[in-house]
Amino acid sequence: MVISMKIGSREFDVKHHTYVVGILNVTPDSFSDGGKFDTLDKAMEHVERMIAEGADMIDVGGESTRPGYQPVSVKEEIERVLPIIRKIKMTYDVPISLDTWKPEVAGAALAAGVDMINDISCMKEREMAALVAESGCAYCLMHNRDGLIEAGSMVKEDLAAALETAWQAGVRTEQVMIDPGIGFAKTYEQNLVILNRIEELHCFGLPILIGVSRKSVIGYALDLPVEERLEGTLATTAYAVMKRCAFVRVHDVKENVRVVKMIESIVNVS
């Protein structure tokens with residue numbers, strides 16, 4: 001079982017603590033914050049705010065993956081993400097994750113200083129495994145597939161197959177965390193079931209990242225629009241802490257950091 005994971009210059013105790021990853025979308029069309037941070041100045045202001053609020057890592061995204069999204073070219077995605085990656089690296093000592101499934105984009109970002117690749121495709125592109133192995137970077141493997149899953153067990157089966165691809169390419173276990181992919185290839189009810197049974201993914205012995213912030217599963221459960229889903233997000237973060245997930249990926253850093261601290265104060269009391 002992986003108990004410690006190095007991402008950039010920081011060592012993460014993934015057995016005893018839940019870390020907060022702040023989302024930075026430099027896109028015009030992301031479902032929650034599209035267009036808010038699509039200039040370098042605006043993006044850096046947001047990064048500064050998230051770090052001040054306690055973000056342990058920044059996850060940069062240059063292509064929206066909301067339902068019905070329009071893919072962008074490799075060139076355009078690189079042009080969106082590289083300036084902000086370089087600027088963050090020059091300014092802060094904080095690990096940076098890049099949300100991309102394209103090996104070409106990942107390679108350019110790693111050369112610019114990115115510390116982790118957050119791959120939403122479940123390693124759809126086999127070249128990604130070779131890149132991660134060669135670079136030694138941290139890697140988040142998120143469950144996804146073409147078409148809906150038929151049962152929750154398919155999440156474990158798909159992740160196991162993708163992990164085998166990674167191991168065969170030479171990726172080391174201490175490089176990898178997994179994400180069940182809430183909101184991807186799943187119905188509303190399936191998302192709830194997977195969250196409810198999230199502890200089953202500990203069978204892989206790898207850190208677990210949960211990304212539910214402001215997603216439609218919260219909207220359906222509470223019948224609320226995206227701008228009113230903070231409380232629902234905080235509930236999923238509290239649940240993730242109680243289920244010993246190592247990371248939560250969120251938009252609202254301050255509030256989620258406080259929830260993590262409060263829940264850990266309760267569950268870790270001697």
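**The sheet and its surroundings**

Reply: Let's start with Leu24 and look at what surrounds it. Setting aside residues up to four places away in sequence, Leu24 is in contact with Phe37, Ala43, His46, Val47, Met50, Ile58, Asp59, Val60, Gly61, Ile84 and Ile88. Keep in mind that this is a predicted model.

Leu24 also belongs to the largest nonpolar core, which has 82 residues; Leu24, Val60, Ile88 and Phe247 are the ones that touch the most other members. The largest share of this core, 6 residues, is supplied by helix α5 (residues 153-169).

Now for the sheet itself. It is an open sheet of 8 strands with parallel pairing, and the order is β8-β7-β6-β5-β4-β3-β10-β9. The edges are held by β8 (176-179) and β9, each with a single partner strand, so one side of each has no neighbour in the sheet. Helix α2 (residues 74-91) packs on the sheet, where it touches β3 (19-25), β4 (57-61) and β5 (96-99), and its direction makes about 175° with that of β5.

Next, stop at β5. On one side, 4 bridges join β4 to β5, and the two run parallel; Ile58 has Ile96 in β5 as its bridge partner.

Moving on to β6 (residues 116-119), we find Asp119. Asp119 counts as buried because its relative accessibility is 0%, and buried means under 20%. Its side chain makes a polar contact of 2.7 Å with the side chain of Ser121, and a polar contact of 2.7 Å also joins the side chains of Asp119 and Tyr139. Beyond its neighbours within four places in sequence, Asp119 touches Thr100, Trp101, Met128, Tyr139, Cys140, Leu141 and Met142.

Strand β7 (residues 138-142) and β8 run parallel and are joined by 4 bridges, with Tyr139 standing opposite Val176 in β8.

Now let's visit Thr18, which sits in the loop between β2 (10-13) and β3. With a relative accessibility of 3%, Thr18 is counted as buried. Its side chain reaches the backbone oxygen of Cys245 at 2.6 Å. Leaving out residues up to four places away in sequence, Thr18 touches Val241, Cys245, Ala246, Phe247, Val248, Val260 and Glu264.

Val241 takes us to our last stop, helix α8 (residues 230-242). This helix has 13 residues and spans 19 Å from its first C-alpha to its last, close to the 18 Å expected at 1.5 Å a residue. Which residues of α8 are buried? They are Gly232, Thr233, Leu234, Thr236, Thr237, Ala238, Ala240 and Val241. These buried residues pack against β9 (209-210), α7 (216-222), β10 (247-250) and α9 (253-267). After α8 comes Arg244, with a positive phi near 65°.

Definitions and conventions:
Residues numbered from 1 in each chain as written. Predicted model: local features only at pLDDT ≥ 70, side-chain atom pairs only at ≥ 80, totals over all residues. Heavy atoms only, no water. Expected span 1.5 Å × (residues − 1). Buried < 20%, exposed > 50% of the residue type's maximum accessible area, 1.4 Å probe, protein only. Contact = heavy atoms within 4.5 Å. Pairing = 2+ DSSP bridges. Axes fitted to C-alpha atoms, helices over the stretch in contact; angles between N-to-C directions. Polar contact = N/O pair within 3.5 Å; in protein donor to acceptor, adjacent residues only side chain to side chain. Core = buried A, V, L, I, M, F, W, Y, C linked by side-chain atoms within 4.5 Å.
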